Amino acid sequence: MSQTTFTPRVFSGIQPSGGLTLGNYLGAIKRFVSMQEEDFETIYCMVDLHAITAKLIDPSELRHNTRELAAGFIASGISPDKSILINQSQVPEHAQLAWIFNCIARMGWMGRMTQWKDKAGKNAEAASLGLFAYPALMAADILIYHATHVPVGEDQKQHLELTRDIAAKFNHDYGEEFFPITEPVIEGAATRVMSLRDGSKKMSKSDPSDASRINMTDDADTISRKIRKAKTDPDALPSALEGLDHRPEARNLVSIYAALNDQSLEEVLRDVGGQQFGTFKPALAELAVEKLAPISSEMARLMADTDEIDRILAKGAAQAREITAPILKRTYDLIGMVS
Ligand code: AMP
Ligand code: TRP
């Protein structure tokens, strides 16, 4: 196969399924922001087509969630001048390439996805076909840009492996190194932020307990209260990493502190080792409020005039299609579709 060099390009997406959490911010968005400053073209996406796979959402709520997510991206520091910011359904080539990938991916590959198994639960017969095909759409999101790097949290690793398998099979079947074999970027002190109520569960917007998570729209008092009430154990904090073994709640709070303060876990433990949670929690609450309050107030400002958001998304979609339309055209040509 011929060697192809691909433009260093970052793509990532988040579902507008309602409410951004600290997990999304530390696991994904913070990295999205820093990658804008590196040698990459960056494209960030509200994946609204993915958001309807688990269950249908009230239409006005979906529109609200999509705009609020865009506001969250912008308020966190994603600049529409440095990155292309899009809503998935406004760039039709995502869904068009997804169909091709539905014909490349095998049922067996999809059936092994742990997220599918978790979300479909015991009643897979009642799950939508879209939920099963979800990872093929995700592969299309990435590969319709020939993206080379994808920053995500730990939970998306298996979907990115599938994306690589789909690219490799397509390239093999059509005898050309057409799609890049994308690199996952899973980095930072908090690639898996856990629930504040249970250190063995991921912090998630779908957890029934609001106390389990920090929402990006929470005000300062709410953030402080949730951190003060977070589950912990009775021991003091250790000064070395091994001391966090078998202490998931302690590890989680230290990881959150480290990620918010751009430090490593070791650095934080050097400073806080020996402290009781009664001392550490107020310091963590203060840091969280300092970092998150400006983001939530900027989100509120942007949501007061959604025309500005809509203009940014329309501009993003036009820029995106300059990349996606030729890639879809070449894909169709390779497959043998008459154009
Ligand atoms: P989602 O909200 O499921 O669309 O996730 C969007 C992005 O946030 C993905 O890159 C996830 O891996 C990341 N993410 C979601 N929850 C967490 C968490 N608790 N810890 C770290 N990253 C997360
Ligand atoms: N599946 C991802 C999640 O739930 C969201 C997503 C869709 C995505 N398409 C993507 C992430 C492409 C990265 C790249 O978090």
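Modeller: First, a term: contact means heavy atoms within 4.5 Å. This is a predicted model, where local features need pLDDT of at least 70, side-chain atom pairs count only at pLDDT 80 or more, and totals for chains, interfaces and linings use all residues. Residues are numbered from 1 along each chain as its sequence is written, chains are lettered from A and ligands numbered from 1 in the order in which they are written, and side-chain values use heavy atoms, with hydrogens and water left out.

Biologist: Into which domains is the protein chain divided?

Modeller: Domain bounds come from an automatic or database domain assignment. Here, domain 1 covers 9-191 + 305-335, and domain 2 covers 210-301. Their C-alpha centres lie 29 Å apart. Across the boundary, 15 residues of domain 1 are in contact with 17 residues of domain 2.

Biologist: How many residues has the largest nonpolar core?

Modeller: A nonpolar core is a set of buried Ala, Val, Leu, Ile, Met, Phe, Trp, Tyr and Cys residues joined through side-chain atoms within 4.5 Å. Buried means under 20% relative accessible area, exposed over 50%, partly exposed in between (1.4 Å probe, protein chains only). The largest core here has 60 residues, and Phe73 and Leu260 have the most contacts inside it. Helix 12 (residues 277-304) gives the most to this core, 11 residues. Helices (H or I, at least four residues) and strands (E, at least two) are DSSP runs, numbered from the N terminus. Both domain 1 and domain 2 supply at least three residues to this core. Another core, of 45 residues, lies apart from it; Ile43, Cys45, Leu131 and Val150 are among its members.

Biologist: Which residues is Phe73 in contact with, leaving aside neighbours within four places in sequence?

Modeller: The list is Ile14, Ile29, Phe32, Tyr44, Cys45, Met46, Ile78 and Leu85.

Biologist: Now Leu26. Why does Leu26 count as buried?

Modeller: Leu26 counts as buried because its relative accessibility is 8%. Leu26 lies in helix 1 (residues 22-35). Beyond its neighbours within four places in sequence, Leu26 is in contact with Ala190, Val193, Ile256, Ala259 and Leu260. Gly153 is 127 residues from Leu26 along the chain, yet their C-alpha atoms are separated by 8.6 Å.

Biologist: How many cavities of 30 Å³ or more does the count come to?

Modeller: Rolling a probe the size of a water molecule over the atoms shows where empty space is left. On a 1 Å grid over the protein atoms alone, a cavity is a set of points where a 1.4 Å probe fits but cannot get out; a pocket is an open set with protein on both sides within 12 Å along at least five of seven lines; lining residues have an atom within 4 Å of a point. Here the count is 2 cavities. Helix 3 (residues 59-76) gives the largest share, 3 residues.

Biologist: What volume has the second largest cavity?

Modeller: About 50 Å³. Gln115, Trp116, Lys119, Leu131, Tyr134, Pro135 and His159 line this cavity. Helix 6 (114-120) and helix 7 (129-143) each give two or more residues to that lining.

Biologist: And which residues lie nearest the centre of the second largest pocket?

Modeller: Trp99, Asn102, Leu129, Ala133 and Ala136, out of 17 lining residues. The second largest pocket has a volume of about 440 Å³. Helix 7 gives the largest share of its lining, 7 residues.

Conventions:
Points joined across faces, edges and corners; volume = space filled by probe spheres on them.
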